[in-house]
Amino acid sequence: MIRVFLKWSALAVLVAAALYLILALYVQREFVFAMLFLVLTASAVAVFVSRKLYSHRYIFPAIAGMGLFVIFPLMYTVGIGFTNYSATNLLSFEQVKDNLLSRSYQSEAVRYDFSAYRTNEGYVLYLEGEHQTLATQPLDLAADGSRAALFPVESTPAGEPLQIREVIKLRQELSALTLVTDDNRELSQASLRSFAAIHPQFTLHENGTLTNNQTGETYFPNHEIGFYVNGEGEKLVPGWTVNIGWANYVKVVTDPSISGPFLQIFIWTLSFAVATVIFTLALGLLLANLLQWEQIRGKGFYRTMLILPYAVPAFISILVFKGLFNQNFGEINLVLEGLFGIRPDWFSDPALARTMILIVNTWLGYPYMMLLCMGLLQAIPKDLYEASAMDGAGPVNNLFNITLPLIIKPLMPLLIASFAFNFNNFVLIALLTGGAPDIIGASTPAGTTDLLVSYTYRIAFQDSGQNFGLAAAIATVIFLVVGALSLINLKLSKVKV
């Protein structure tokens with residue numbers, strides 16, 4: 001009985017905590033995440049309470065994790081791709097409206113020069129305008145709060161006003177202070193020597209328009225683009241998130257400043273992934289064959305040394321190569337200059353930068369291919385090579401007629417995995433070149449060495465206004481391309497999916 005009570009009590013506590021989280025997300029207007037956790041909570045309760053679903057209890061955590069960390073991010077990314085979600089369109093319409101209505105400005109027409117006097121009871125602020133002079137009661141600026149009343153006076157307070165350097169020391173307290181006149185006008189610090197009246201920046205009308213009280217312009221809410229705009233099309237920032245349909249996807253195809261760099265980066269990404277697989281396989285297979293050669297002594301030492309690049313963390317190797325390829329002080333250029341009198345511009349020339357990336361990635365990837373090939377070569381019967389030798393075949397014939405046909409099929413799934421990994425090899429590009437050199441004429445941050453994944457990252461998080469919607473659309477395209485290419489490769493290799 002106690003066990004059952006503890007079981008239901010624990011379940012009730014977990015459900016209550018989950019409902020609190022869902023309610024908090026809902027209050028913060030995170031409706032998508034609130035719905036996600038509501039579905040997960042409801043399904044968890046159904047699975048762990050219902051006897052009919054008893055057999056699903058053990059697999060439910062894996063399914064919930066896949067839904068939370070794989071399916072939901074994918075669907076959320078796809079959804080963002082159909083919106084104008086960006087640094088300027090982060091908020092909802094109500095939040096934008098509240099933000100604009102909370103703005104204020106200081107009136108130059110109602111401005112008072114002020115002086116501060118130190119007394120035994122505190123600081124007295126003396127304001128002098130064109131038609132009246134005002135003063136406060138002695139204030140403790142650190143403790144009296146952010147508001148203080150003003151009253152008319154006919155003479156200045158006793159004593160000498162504070163010097164400008166002393167006013168500067170009090171600037172934080174003075175800037176947080178609001179002075180209220182006897183006719184309820186609010187004044188705030190406009191400069192080190194003046195206070196000015198505060199007015200609301202915008203006025204909301206019944207038809208939903210906003211009028212700028214400072215300029216007199218009227219702005220209308222445009223729910224197609226997610227901005228308040230005036231008659232001349234000028235926008236008020238921030239804007240709000242709206243559904244724009246296929247606009248981001250169309251922009252990728254039709255906007256020359258985006259489609260051109262996108263196509264160039266896509267071709268380079270595809271070429272980079274294919275070339276990396278070919279180069280690492282070729283080098284790994286060559287080294288694996290050499291290590292199988294019976295005439296070589298000290299194979300254990302050579303195996304250890306050749307596997308070391310795989311044991312060193314990739315980011316360390318990448319940064320080391322970045323220093324080696326330094327155009328001015330790198331050891332590679334020093335050697336090339338000494339031997340041939342040349343200093344290649346590895347980081348500023350697009351072709352050389354891509355060559356450098358392939359060299360570094362081949363170095364990082366060949367140990368993995370070498371290990372795979374060493375294991376597969378052990379499984380090939382030596383009788384085949386002996387029969388081939390009797391027929392007069394050489395190493396090249398053995399490679400293409402015996403070795404490759406026997407290892408390529410078991411290698412194919414791993415080659416496809418290597419292709420998919422390198423298609424999205426963000427760390428290499430981010431640490432080695434950062435995508436540079438840049439593509440001239442691109443409206444988004446795009447570089448000649450960018451892969452699609454680093455290109456998407458730069459659009460979302462760097463100097464392009466953080467256009468999350470466009471980045472999500474490109475990420476969706478990447479997902480579809482990688483998935484399609486993987487399926488094609490699997491079909492061509494006759495691997496069941």
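**Close-up views of a predicted model**

View 1. Val312, Phe315, Ile316, Leu319, Val320 and Val427 make a nonpolar surface patch of about 490 Å². To join a patch like this, residues need over 30% relative accessible area and no salt bridge, and their nonpolar side chains (Val, Leu, Ile, Met, Phe, Trp, Tyr) must lie within 5 Å. Accessible areas come from the Shrake-Rupley method with a 1.4 Å probe, and for residues only the protein chains shown count as cover. Helix α10 (residues 314-324) brings the largest share of the patch, 4 residues. Valine 312 sits in the loop between α9 (299-311) and α10. Helices (H or I, at least four residues) and strands (E, at least two) are DSSP runs, numbered from the N terminus.

A word on the model: it is predicted, so local features need pLDDT of at least 70 and side-chain atom pairs count only at pLDDT 80 or more, while totals for chains, interfaces and linings use all residues. Residues are numbered from 1 along each chain as its sequence is written, and side-chain values use heavy atoms, with hydrogens and water left out.

**View 2. Now for helices α12 and α14.** The axes of α12 (residues 350-378) and α14 (residues 395-423) come within 11 Å and cross at roughly 145°. Axes here are lines fitted to C-alpha atoms over the stretch in contact, and angles run from 0 to 180 degrees between N-to-C directions. The contact residues divide into 11 nonpolar, 4 polar and no charged. Ala, Val, Leu, Ile, Met, Phe, Trp, Tyr, Cys and Pro count as nonpolar, Asp, Glu, Lys and Arg as charged, and the others, Gly among them, as polar.

**View 3. Arginine 118 meets glutamate 166.** Their side chains form a salt bridge at 3.5 Å, N to O. The term takes a side-chain nitrogen of Lys or Arg within 4 Å of a carboxyl oxygen of Asp or Glu. This pair links distant parts of the chain, 48 residues apart: arginine 118 is in strand β1 (residues 104-118) and glutamate 166 in helix α5 (residues 164-169). A search of the whole structure finds 7 salt bridges.

View 4. Most residues other than glycine have a negative phi, and most peptide bonds are trans. Valine 237 and proline 238 are joined by a cis bond, with omega about 10°. The bond from alanine 436 to proline 437 is also cis, with omega near -5°. Asparagine 184, not a glycine, has a positive phi of about 65°.

Definitions and conventions:
Patch = residues over 30% accessible without salt bridge, like charges linked within 9 Å, V, L, I, M, F, W, Y side chains within 5 Å.
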